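Here are my notes for a colleague who is seeing this structure for the first time. Please read them with the model open.

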Amino acid sequence: MGALDYLSNFCTVTSTSIRSRRKPMQTVEIKVKMDCDGCERRVKNSVKHMRGVKTVEVNRKQSRVTVTGYVDPNNVLKRIKSTGKRAEFWPYIPYNLVSYPYVSQAYDKRAPAGYVKNVVQAVSAPNATDERITYMFSDDNPNACSIM
């Protein structure tokens, strides 16, 4: 009986080891300066053959590459940098998600239209309900109360 237990340890596969290797489905956005169709093609081809990649979208106008799949963000960034292009993670968030878009270091002239830099000072504190209430009655809010 002891020999069978010993040998069965070599034949069994635990489910926790398989799950720990599987990466979650995620979207990685990277800023890459691309000037021509050749640059765009080189960046796209370098990433689309990676294991776990489902889709690759390249937006040359915004200098943005969006990769969706079961990938590690650092590996995607490293693969794009191997093409010789300067790359970094996408530093911008949409303008309408930020409470204070014109705080110092948030507004960037090089940002695409409708985007600002993702900095801590631009996001309001989660317990700041008083400012949201006053914004409901503001003239700047097109959906404000029209009782007055």
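1. Start with the loop between β5 (92-94) and β6 (115-117): Y102 lies there. Strands here are DSSP E runs of at least two residues, numbered from the N terminus. This is a predicted model, in which local features need pLDDT of at least 70, side-chain atom pairs count only at pLDDT 80 or more, and totals for chains, interfaces and linings use all residues. Residues are numbered from 1 along each chain as its sequence is written, and side-chain values use heavy atoms, without hydrogens and water.

2. Is Y102 buried or exposed? Y102 is exposed, at 58% relative accessible area. Exposed means over 50%, buried under 20%, and partly exposed in between (1.4 Å probe, protein chains only).

3. Y102 also belongs to a nonpolar surface patch with Y95 and Y107. Together they have about 380 Å² of accessible area, by the Shrake-Rupley method with a 1.4 Å probe. Patch residues have over 30% relative accessible area and no salt bridge (a Lys or Arg side-chain nitrogen within 4 Å of an Asp or Glu carboxyl oxygen). Nonpolar side chains are joined within 5 Å.

4. Now turn to β3, residues 64-69. Six of its six residues are buried. Both faces are covered: R64, T66 and T68 on one side, V65, V67 and G69 on the other.

5. Which strands pair with β3? β1 (residues 26-32) does, antiparallel, over six bridges. K31 has R64 as its bridge partner. β2 (residues 53-59) also runs antiparallel to β3, joined by six bridges. There, V56 partners V67. Pairing requires at least two DSSP bridges.

6. β2 and β3 form a hairpin with four residues between them. In that turn, S63 has a positive phi of about 55 degrees.

Note on methods. Patch = residues over 30% accessible without salt bridge, like charges linked within 9 Å, V, L, I, M, F, W, Y side chains within 5 Å.
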